[in-house]
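Please keep the sequence and the model in view while reading.

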Amino acid sequence: MRKFKSLILAAAVGIAFSSSVHLPSAAAAQPTSIAIPTNLALGGKVTASGEFAPHQGKDKAFDQDVFSKWLTFSSPAWLQYEFPAAKVVTSYTITSAEDEPYRDPKSWVLKGSNDGSNWTQLDTRQNQNFTSRHQTKTYSFTNQTAYKFVKFDDFNNQNGSGILQLSEIKLFDGSAKTWSTTKPTVTASGEHTPTNIKENLVDGTSVTKWLIKDDTAWLKFDFGEQVTLDGYALTAANDRPERDPKSWVLQGSNDDKTWTGIDTKSDENFNVRHQRKHYLLTNNTKAFQYYRLNNIKNHSGNSIQLGEVDFSRTNDIGHAVNPVIEVKNLDSSGNGSLFTKALPNAEKEILAVARKVHELLYSNPADAPVDVKKILVTIEDVPGVAWTSGDSTQKTIGFSSQYLKSFVASPSKSLREEIIGILYHEIGHVYQYSNFDVEAIADSLRFEAGYHDRYSATKGGTWQTKGTANFLRWIEDTKKRGFIRELNAAPIPYNIIGNANEIQLWKERQFKVITGTDVNTLWSQYQATLTD
């Protein structure tokens with residue numbers, strides 16, 4: 001069950017204006033790629049000299065979840081992995097567990113075999129030291145032979161006897177899957193120079209914006225190559241809801257002359273500033289180089305503005321995150337149907353949110369501490385709002401149908417937007433690493449996506465007690481891009497766990513380490529942006 005908070009950010013409006021004419025692109029589309037090494041240790045069989053089953057069993061060493069671990073009470077030990085088919089292993093990683101450094105591996109011999117009896121030595125390590133908890137170390141060696149079995153033999157802990165443990169092992173053959181990401185070039189029917197320009201639409205933040213002094217406009221995005229979309233998203237700007245897009249047509253082209261209609265929207269509303277609304281393109285299979293938001297119309301007045309536009313491409317880095325999504329209505333009272341009515345294409349909607357949450361927490365999917373295979377969303381007739389549980393095999397997000405029923409009692413509120421906002425928070429729990437403040441980190445994502453009102457807070461309190469989540473979001477947007485990612489990734493040193501005063505000091509230090517400014521100064525600056 002989660003408690004949601006609210007706070008505020010002030011934003012400036014740019015000056016000057018350029019006439020509504022076709023503006024040339026400033027630069028070509030900017031493609032980049034990320035190669036994620038192929039982990040071979042999937043779908044195999046694990047055996048070991050010992051284990052603390054079932055919670056710290058041998059399979060936990062290969063479950064792609066740093067929050068679990070394999071533990072055996074006897075060191076030296078051995079741990080063996082049998083592939084479904086022989087593999088050429090050339091490197092591996094070992095990740096330390098969450099506690100007791102003396103239990104970390106210190107030395108071992110890696111061997112390969114094709115019959116499980118005759119072994120060839122592949123790699124030997126001595127005097128290894130893991131300096132932090134959940135630290136991953138990589139080891140490479142020369143090998144050209146495929147083996148059905150690999151075995152970590154003579155596994156010793158730091159003391160040479162007693163308990164041995166580790167969080168995770170991954171095995172690699174040098175192959176990788178490459179995912180692309182492209183920042184498209186933007187042209188527009190006009191812009192409000194020098195501040196509210198078209199490039200702001202693809203700069204990764206809605207704190208900046210594009211604005212045009214017209215009630216009808218168009219935007220064109222050139223990816224430099226043909227790409228297929230399965231969705232897109234628009235994010236509202238900081239002020240003046242009447243300037244928000246109300247209707248538009250999404251079109252695609254490969255010659256910048258002939259345009260094909262892909263999606264049409266009308267009567268759209270952004271009910272919170274900086275709100276990110278995603279739109280699925282479930283039946284789109286055509287690839288285009290150019291995409292155009294055409295015939296954009298506002299709600300009223302003589303201006304249109306947007307904070308951000310982003311596209312979901314079928315081969316982009318976000319699609320490396322691909323858990324199975326399942327929705328189960330477990331409420332026999334009938335209120336569970338409120339969820340499916342609000343999200344009629346729930347599985348794809350939830351997957352779209354999951355990919356965005358993952359992007360907010362990690363620049364590279366390989367950086368995540370867990371590779372979730374499945375997210376089960378249940379709707380249950382119980383008190384509360386929502387909750388998250390599970391492990392790397394399956395995470396479960398529960399929704400209270402009682403809460404859904406109480407929420408729809410207010411006709412001025414959108415249940416769809418409330419559900420999406422809750423998903424940003426709860427899926428944050430699915431993927432986050434944070435030892436800092438799990439609730440604040442998760443809720444900062446909801447603020448970032450515009451499903452809490454960042455402008456509704458008033459002055460007062462302390463950073464720990466009043467609106468921590470939006471304070472973190474404010475730092476992200478105004479002081480240090482990537483702040484939430486870095487804070488999420490910061491582990492509490494094991495030697496201070498259980499000491500409340502030391503943990504508090506550690507938390508305060510993280511602000512200075514990441515931003516260069518101490519937390520009290522940041523809090524004072526943040527307070528100055530709030531209303532009384």
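What volume does the largest cavity have? Its volume is about 30 Å³. The model described here is predicted. The points below treat the cavity, a pocket, the strands and the nonpolar cores in turn.

**The cavity**

- The structure holds one cavity of 30 Å³ or more.
- Lys277, His278, Arg416, Glu417, Ile420 and Tyr451 form the lining of the largest cavity.
- Strand S17 (276-280) and helix H4 are the elements that give two or more residues to this lining, and the largest share, three residues, comes from H4.
- By class, the lining of the largest cavity consists of two nonpolar, one polar and three charged residues.

**The second largest pocket**

- The second largest pocket holds about 1,300 Å³ of space.
- Its lining comprises 48 residues, and those nearest the centre of the pocket are Lys170, Pro365, Ala366, Asp367 and Ala368.
- Two or more lining residues come from each of S1, S5, S8, strand S11 (168-183), helix H2 (346-361) and helix H7 (483-489).
- S11 provides the largest share of this lining, with seven residues.
- The residues lining the second largest pocket divide into 21 nonpolar, 17 polar and 10 charged.

**The four-stranded sheet**

- Four strands form an open sheet in the order S1-S11-S5-S8, and their pairing is antiparallel.
- Strand S1 (30-39) and strand S8 (136-140) each have a single partner strand and stand at the edges, so one side of each lacks a neighbour in the sheet.
- On average, neighbouring strands of this sheet are turned by 40° against each other, direction ignored.
- Strand S5 (residues 91-95) and S8 run antiparallel and are joined by five bridges.
- Isoleucine 94 has lysine 137, in S8, as its bridge partner.
- In general, the strands of a sheet pair through backbone hydrogen bonds, in either a parallel or an antiparallel manner.

- Strand S15 (residues 245-253) runs antiparallel to strand S16 (residues 260-265), and five bridges join the two.
- Leucine 250 has its bridge partner in S16, namely aspartate 263.
- Six residues lie between the strands of this hairpin, in which aspartate 256 takes a positive phi near 65°.

**The nonpolar cores**

- The largest nonpolar core has 67 residues, of which Phe339, Phe399, Ile427, Tyr431, Phe471 and Phe511 touch the most other members.
- Helix H4 (residues 415-431) gives the largest share of this core, nine residues. H4 also supplies the largest share of the lining of the largest cavity.
- A second, separate core has 28 residues, including Val186, Trp210, Tyr279 and Tyr291.

**Phenylalanine 52**

- Where is phenylalanine 52 found? Phenylalanine 52 is in the loop between strand S2 (45-48) and strand S3 (70-72).
- Phenylalanine 52 counts as partly exposed because its relative accessibility is 41%, a value that falls between the cut-offs of 20% for buried and 50% for exposed.
- Phenylalanine 73 is 21 residues from phenylalanine 52 in sequence, while the C-alpha to C-alpha distance between the two is 7.6 Å.

Conventions. Residues are numbered from 1 along each chain as its sequence is written. This is a predicted model: local features need pLDDT of at least 70, side-chain atom pairs count only at pLDDT 80 or more; totals for chains, interfaces and linings use all residues. Side-chain values use heavy atoms; hydrogens and water are left out. Two strands pair if DSSP finds at least two bridges between them. Axes are lines fitted to C-alpha atoms, for helices over the stretch in contact, and angles run from 0 to 180 degrees between N-to-C directions. A nonpolar core is a set of buried Ala, Val, Leu, Ile, Met, Phe, Trp, Tyr and Cys residues joined through side-chain atoms within 4.5 Å. Buried means under 20% relative accessible area, exposed over 50%, partly exposed in between (1.4 Å probe, protein chains only). On a 1 Å grid over the protein atoms alone, a cavity is a set of points where a 1.4 Å probe fits but cannot get out, and a pocket is an open set with protein on both sides within 12 Å along at least five of seven lines; lining residues have an atom within 4 Å of a point. Grid points are joined across faces, edges and corners, and a volume is the space filled by probe spheres set on the points. Ala, Val, Leu, Ile, Met, Phe, Trp, Tyr, Cys and Pro count as nonpolar, Asp, Glu, Lys and Arg as charged, and the others, Gly among them, as polar.
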